[in-house]
Each structure stands twice: as C-alpha cells, then as structure tokens.
Amino acid sequence: MGSFDTIVSLCKQRGFVFQSSEIYGGIGGFWDYGPLGVELKNNIKQSWWRRVVQMRDDVVGLDASIIMNPQTWVASGHVEEFTDPLVDCKQCKKRFRADAIVNNTCPECGAVGQFTDVRRFNLMFKTYVGPVEESAALTYLRPETAQGIFVNFQNILVAMRKKLPFGIAQIGKAFRNEITPGDFIFRDREFEQMEIEYFVKPGTDDYWHQHWVEERLRWYIEDLGLRKEKVRARALPKQDLAHYSKATFEIEYDFPGKGWAEIEGVANRTDYDLKRHAQHSGRDLTYFDEEAKEHYIPYVIEPSCGVDRIFLVVLLDAYHEEEVRGEKRVVLKLKPQLAPIKVAVFPLLRNRPEIVQKAKEIAATLRKHFTVWYDDTAAIGRLYRRQDEIGTPYCITVDVQSLTDNAVTIRDRDTMLQERVPIGQVTAVLKEKLAQC
Ligand code: ATP
C-alpha cells in the first residue's frame with residue numbers, strides 16, 4: 001500500500017498525473033493525465049463499461065452533452081439545493097466548508113471563533129451560451145452526468161424498445177466548484193463520473209438496490225483487483241441522505257492516513273428526478289407497463305462513481321515496496337488488464353545493431369496486439385525496475401543467444417521469473433498469459 005505522498009510523486013515522475021497548467025503555478029482542483037495516466041484511466045473506464053453495459057442485456061450506453069438547457073438544473077433541484085455551507089476566517093480570510101471546521105478553530109491560521117456566519121455556496125460552475133453575457137444565456141457546467149440520462153429517458157425507451165427493469169450508463173466529465181479541493185485527485189473541480197440510472201418498477205426498488213451494491217462490490221474486487229478488506233459498503237444514516245434519496249449505500253475504501261472514504265454512492269433516487277422533469281418540461285415521462293396495464297413513473301437506482309478517485313485507489317492499492325537482493329524494488333501490482341503498458345521489449349546490449357534490430361522487430365509485431373514499450377536507454381536491471389514501477393506485467397529481453405536460437409526471455413513482473421520462448425510464439429504466449437489474469 002502506498003501513501004498519498006509516494007503516489008503523488010510517482011504519478012508526476014512517471015507520467016501518470018501532472019498539475020494542470022503547472023508552468024503558471026497550477027490551478028487548484030484541476031489535473032492533467034500524462035501518457036501513462038491516460039492509458040490507465042481508459043482501462044478503468046473500459047473495465048466498467050464492459051461489466052455494466054457490454055456484459056449485460058439490460059443496460060445501454062449514452063454520451064450526453066455537458067452543457068444542457070438550464071431548466072434541467074432547476075428541475076433537478078441543483079440550482080436550489082446543490083450547495084455546501086461556507087465560512088470565512090475573519091483573520092486570514094481563507095474559506096472553508098463549515099462542516100470541516102473542528103472546535104471553531106481555523107485550520108489555516110489557528111484563530112478561534114473568528115468565522116463569519118454560514119452561507120450556502122452553490123457548487124455549480126456558471127457559464128454563458130452565445131455571444132452575450134446576460135441572465136437569459138446563463139447556464140451551468142453539469143455537476144453530475146445523471147441528468148443527461150434522465151432527460152433522455154423517453155428517447156431511449158422508444159428508440160431501444162426497452163422494458164423495465166433497464167438501465168442507462170454514461171461516462172463523462174462533471175464539474176463542481178468545490179470549496180476545498182484536495183488530497184491529490186480525490187476531490188477535484190473537474191472530474192469524470194461513471195453513472196448508471198437503473199429504472200425499476202416501484203416496489204421492486206429495494207431488491208434492485210441490493211443487487212447493485214453487490215454487483216458494484218464485485219467489480220472493485222474481481223475486475224479492479226482491490227484488496228477485499230479495504231473495500232466496504234455502508235448504509236448512510238437518514239440524516240445524511242441527499243434531497244432525492246430514499247436510501248443510499250456508500251462504497252468506501254480504506255485510504256492510507258485518511259481512513260474510510262466514499263468512492264461510489266449507490267442511491268435509491270425514487271421517482272424524484274423523472275417526476276420533476278415531467279413537471280418542469282410538461283412532457284409525459286411515465287412508463288406503460290404492458291403486464292400490469294398501468295402507467296407509472298419508474299423508481300431509479302443509481303450507482304455513481306468517480307474515475308479519478310478510483311484511479312487513485314487503484315494506484316494506492318497496487319503499490320508495493322519489496323527488498324530484492326538488498327535493494328528496494330517498487331512494483332505496481334496492477335491487474336494486467338489495467339496496466340498502461342502490457343509488454344516492454346529490451347535489447348540486452350544496446351551497442352549490438354543485430355540485437356537492437358531484432359528487439360525493434362519484435363516490438364513492432366507485438367504492437368498489433370498490446371500496448372508496447374521499447375526501451376534501450378539503460379542497463380537491463382534498471383529497465384526492469386522502471387517497468388515494475390509502472391506495473392508492466394511482462395518484459396521481453398533479446399540477448400546474444402536470440403540471434404542463434406531465435407528465442408527470447410519473458411520476465412514476469414510479480415515473480416520476476418524468466419522463461420525462454422521462441423520468437424514465433426511470443427504473441428500467443430502473452431495472449432494466453434494475459435487472458436488468464
Ligand atoms: P463527497 O461526499 O465526497 O463530496 P458526493 O457524495 O458529493 O461526494 P456524489 O455526488 O455521490 O459525491 O458523486 C458520486 C461519485 O463521484 C463520488 O463517489 C466520487 O467518486 C465522485 N466525486 C464526487 N465529487 C468529486 C470530486 N469533487 N472530485 C472527484 N470525484 C468526485
């Protein structure tokens with residue numbers, strides 16, 4: 001298990017995550033994903049999409065726009081309700097979420113009882129559509145992807161001829177002007193969400209709520225490979241429920257130095273959203289149940305998680321330090337499916353053109369099937385360490401003997417064992433190994 005500090009530094013040094021606009025001093029709550037980060041992030045999203053959309057016949061996908069008609073946010077309750085309590089310290093002028101203040105002491109300057117009255121602060125980013133900045137053109141960057149799904153409920157119902165229960169899944173950016181972003185990419189102002197709205201017949205909602213909590217836990221443990229004892233589902237007490245929720249389970253991870261914190265919410269949103277959109281749009285958003293011969297507004301179960309927060313968890317969980325022959329070895333024991341690079345190819349001797357040539361040919365062949373990294377910029381021991389640190393499951397080395405026996409070694413990241421494989425079989429062997437993981 002890594003600490004926040006080790007992961008932040010690894011992310012920067014190895015090209016996973018950089019501070020946004022760093023050369024200008026950065027900007028709080030915004031981050032850029034580097035060459036390895038974008039691969040890992042895509043793999044996390046792909047794993048989710050595969051599990052909740054492609055492997056099921058009752059969930060379909062959507063990619064809705066980020067900016068929507070502003071009435072959406074009036075109907076959803078966000079204009080009125082999506083606020084955090086805010087206080088200013090009169091002494092140092094810093095702003096805080098009121099619920100983060102302990103014993104009336106300022107976390108910045110230590111002043112006691114020097115806070116302004118609590119004000120409600122709306123977390124939505126405002127923007128203007130069109131060439132004039134006037135109130136008629138005011139709209140928002142979406143603070144969640146869910147509303148894009150609700151407003152498309154009828155479109156999808158009709159176009160896809162779906163019957164209840166069925167779900168709509170979406171991955172996309174969301175924006176919240178968080179008062180105190182922090183803990184690296186745990187709380188950002190721009191982040192990505194993966195959300196499902198699963199529409200069910202009222203009365204069956206408790207059953208489906210339980211189903212989704214279990215299903216989501218399985219994804220974290222089986223597909224992402226997180227340690228079982230570090231993930232749990234917790235029912236929220238009634239007083240902590242959002243305005244639209246009948247019941248919510250939080251899926252939490254046990255963060256180093258931070259303790260249990262939410263990575264996903266699985267909420268029973270009842271018929272709140274569809275009802276509100278029906279009222280505000282004047283459209284009929286009921287579902288006709290052919291069996292029961294009745295119209296009703298479905299209930300909704302919503303599993304909602306953040307890609308960036310899960311990205312952080314995946315790295316923290318995969319980080320290992322070991323001692324190998326008296327030296328520290330850092331290894332990311334990522335599930336191979338998540339690893340940014342699946343296979344690295346090295347020539348053992350970089351000053352032997354025939355070896356370099358062969359290694360490059362092998363890399364080119366493998367690139368048709370896997371993400372490949374070719375490297376001849378250091379000695380072999382260091383090249384292995386670099387790949388361990390970014391979680392590459394397999395390394396291939398071309399040596400002098402390869403020129404005569406037409407075989408190479410494949411080294412396993414976790415066991416560090418090496419096996420000799422004929423070059424013609426390398427693709428098939430790697431495919432089999434990766435399929436077994
Ligand atoms: P929190 O209590 O941490 O503020 P929330 O309850 O407001 O989160 P939801 O609205 O339930 O969060 O959002 C669902 C998921 O989206 C969260 O579980 C989290 O993974 C992710 N998420 C929410 N806000 C942020 C953020 N500011 N930065 C990164 N991820 C976020």
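User: What makes up domain 1 and domain 2 of the chain?

Analyst: In this predicted model, domain 1 takes in 4-67 + 135-316 and domain 2 takes in 341-436; the bounds come from an automatic or database domain assignment. Between the C-alpha centres of domain 1 and domain 2 there are 38 Å. Residues are numbered from 1 along each chain as its sequence is written. The model is predicted: local features need pLDDT of at least 70, side-chain atom pairs count only at pLDDT 80 or more, and totals for chains, interfaces and linings use all residues.

User: How many helices and strands does the chain have, and what counts as one?

Analyst: There are 13 helices and 23 strands. Both are DSSP runs numbered from the N terminus: helices are H or I with at least four residues, strands are E with at least two. Along the principal axes, the C-alpha atoms fill a box of roughly 75 × 65 × 50 Å.

User: Which residues does Arg350 contact, leaving aside its neighbours within four places in sequence?

Analyst: Those are Val356 and Asp376. Contact here asks that the C-beta atoms of two residues, placed from the backbone, lie within 7 Å. Arg187, by comparison, is 163 residues from Arg350 in sequence and 44 Å from Arg350 in space, C-alpha to C-alpha.

User: What makes Phe184 stand out in its phi, and why is Phe184 called buried or exposed?

Analyst: Phe184 is not a glycine, yet its phi is positive, about 60 degrees. Its 21 C-beta neighbours inside 10 Å make Phe184 buried. Phe184 belongs to the loop between strand 9 and strand 10 (190-200). Thr270 is another non-glycine with a positive phi, of about 50 degrees, and Thr270 is part of strand 13. With 19 other C-beta atoms within 10 Å, Thr270 counts as partly exposed.

User: Which residues of helix 2 and helix 9 meet?

Analyst: Leu40, Lys41, Ile44 and Lys45 in helix 2 meet Val307, Ile310, Phe311 and Val314 in helix 9.

User: How do you know which strands pair with strand 13?

Analyst: Pairing requires at least two bridges found by DSSP between two strands. Strand 12 (residues 247-255) and strand 13 (residues 259-270) run antiparallel and share nine bridges. In strand 13, Glu262 stands opposite Glu252. Strand 13 also pairs with strand 16 (residues 299-306), antiparallel, over six bridges. There, Asn268 faces Ile301 in strand 16. The hairpin of strand 12 and strand 13 has three residues between the strands, and its Gly257 takes a positive phi near 75 degrees.

User: What makes strand 5 and strand 6 edge strands?

Analyst: The open sheet has three strands in the order 5-4-6, paired antiparallel. Strand 5 (95-97) and strand 6 (119-122) each pair on one side only, and that puts them at the edges. Strand 4 (residues 83-88) joins strand 6 through four antiparallel bridges, and Thr83 has Asn122 as its bridge partner in strand 6.

User: Which residues of helix 8 are buried, and what do the buried residues pack against?

Analyst: In helix 8 (residues 272-281), Tyr272, Asp273, Leu274 and His277 are buried. The buried residues of helix 8 pack against helix 3 (71-75), helix 5 (146-150), helix 6 (153-160), strand 13 and strand 16. After helix 8 comes Gly282, with a positive phi near 75 degrees.

Terms used:
A residue is buried if 20 or more other C-beta atoms lie within 10 Å of its own, exposed if 12 or fewer, and partly exposed in between; C-beta atoms are placed from the backbone.
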